[in-house]
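Open the model in your viewer and keep the sequence panel beside it.

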Amino acid sequence: MRKLLIAGNWKMNHAVAATVDFCRDLRSLGLEGQRAEVLLFPPFTSIAAMVSLLQGTPVHVGGQNLHQESKGAYTGEISAAMLKEAGCSHVLIGHSERRQYFHESDAGVNAKTRKALEYGLTPVICIGETLEEREKGVTNAVIKTQLSGALEGFAPDAVRKTVIAYEPVWAIGTGLTATPEQAQEVHRYIRKFLAEIAGDDCAELLRILYGGSAKPDNAEELLSETDIDGLLIGGASLKADDFYRIIEIADTINK
Ligand code: PEP
């Protein structure tokens with residue numbers, strides 16, 4: 001059985017003061033005994049505060065990006081070793097905002113995933129189609145291209161150490177959510193494709209998260225789908241009580 005993973009992507013929100021408030025609020029709601037795994041991606045400058053304030057809780061902390069080289073003259077970038085040293089266990093790779101605004105390619109996602117694994121960080125690889133692609137009926141083809149590009153050259157053992165996040169671009173930050181059926185259909189396709197490239201065992205173990213306007217009101221129906229193994233949450237992860245509510249909902253799901 002795959003353990004559900006509830007992850008929050010703060011994007012460029014919550015500097016240190018807001019992070020301190022959030023962590024205090026989250027701790028006061030109670031972080032003991034949850035069945036779901038919990039993960040947060042704060043901005044880089046808030047990582048240290050979060051790691052220290054959530055010490056002793058089961059919450060994992062991740063970076064929102066990393067550079068594919070280990071170190072060097074890459075002004076403005078951050079390395080896998082730096083994230084690791086700051087206390088991160090995970091890293092987001094290929095978020096659609098990175099692809100859209102910073103021109104990240106599947107080859108770049110592949111290189112970053114390789115670097116993350118080399119440093120023992122769990123890559124959370126984001127993939128998803130635009131509205132135009134969905135309307136053209138090429139969603140599966142887009143997913144296949146992104147996934148095969150991201151994982152090309154990886155042995156099943158390496159693939160197994162990743163998490164995939166399916167985030168339809170048209171549902172991110174728009175208030176539009178994929179219906180549970182639409183999301184399940186793509187998740188099923190992703191798992192089938194993973195089985196082809198890395199084998200059935202790997203595909204069965206690997207967690208596939210859904211992201212795109214997930215919130216307390218739709219978490220239960222999304223998480224109830226067979227192949228949805230967690231959520232990657234933007235807006236609704238910024239308030240401790242909304243995020244906590246989703247963790248509570250995840251704990252009620254039996255499948
Ligand atoms: C995201 O940023 O990954 C995301 C899914 O955002 P939102 O939940 O706000 O749509």
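Is Ala 165 buried or exposed? Select Ala 165: its relative accessibility is 0%, so Ala 165 counts as buried. Buried means under 20% relative accessible area, exposed over 50%, and partly exposed in between, with a 1.4 Å probe and protein chains only.

Two notes before moving on. This is a predicted model, where local features need pLDDT of at least 70, side-chain atom pairs count only at pLDDT 80 or more, and totals for chains, interfaces and linings use all residues. Residues are numbered from 1 along each chain as its sequence is written, and side-chain values use heavy atoms, with hydrogens and water left out.

**Stop 1: around Ala 165**

Ala 165 sits in strand E6, residues 163-166. Helices (H or I, at least four residues) and strands (E, at least two) are DSSP runs, numbered from the N terminus. Leaving out residues up to four places away in sequence, Ala 165 touches Val 124, Ile 125, Cys 126, Ile 127, Leu 209 and Leu 232. Contact here means heavy atoms within 4.5 Å. Then pick Gly 211. Its C-alpha lies 6.7 Å from that of Ala 165, although 46 residues separate them in sequence.

**Stop 2: the whole chain**

Zoom out and colour by secondary structure. The protein chain has 12 helices and eight strands. Its C-alpha trace spans about 45 × 45 × 35 Å along the principal axes. Of the 255 residues, 53% count as buried. Among contacts between residues at least 6 apart in sequence, 73% join residues at least 24 apart.

**Stop 3: the aromatic cluster**

Select Trp 10, Phe 22 and Phe 243, which form one aromatic cluster. The structure holds three aromatic pairs. Rings of Phe, Tyr and Trp (its six-membered ring) pair if their centres lie within 6.5 Å; planes under 30 degrees apart count as stacked, over 60 as edge-to-face and the rest as tilted.

Start with Trp 10 and Phe 22. This pair is edge-to-face, at 4.7 Å centre to centre and 80° between the planes. Trp 10 lies in the loop between strand E1 (5-9) and helix H1 (16-29), and Phe 22 in helix H1, so the pair ties together parts 12 residues apart in sequence. Trp 10 is buried at 0% relative accessible area. Phe 22 is buried at 3%.

Next, Phe 22 and Phe 243. This pair is tilted: 6.4 Å centre to centre, 45° between the planes. Phe 243 lies in helix H12 (residues 240-250) and Phe 22 in helix H1, so here the parts tied together are 221 residues apart in sequence. Phe 243 is buried too, at 0%.

**Stop 4: helix H2**

Which residues of helix H2 are buried? Select residues 44-53 and look for Ser 46, Ile 47, Ala 49 and Met 50. Their cover includes H1, strand E2 (37-41), strand E3 (60-63) and helix H3 (80-86).

**Stop 5: Ala 214**

Finish in the loop between strand E7 (208-211) and helix H11 (216-223), where Ala 214 is placed. Ala 214 counts as buried, at 6% relative accessibility. Beyond residues up to four places away in sequence, Ala 214 touches Leu 222, Leu 231, Ile 233 and Ala 236. Draw the C-alpha distance from Ala 214 to Ala 236: 7.1 Å, across 22 residues of chain.
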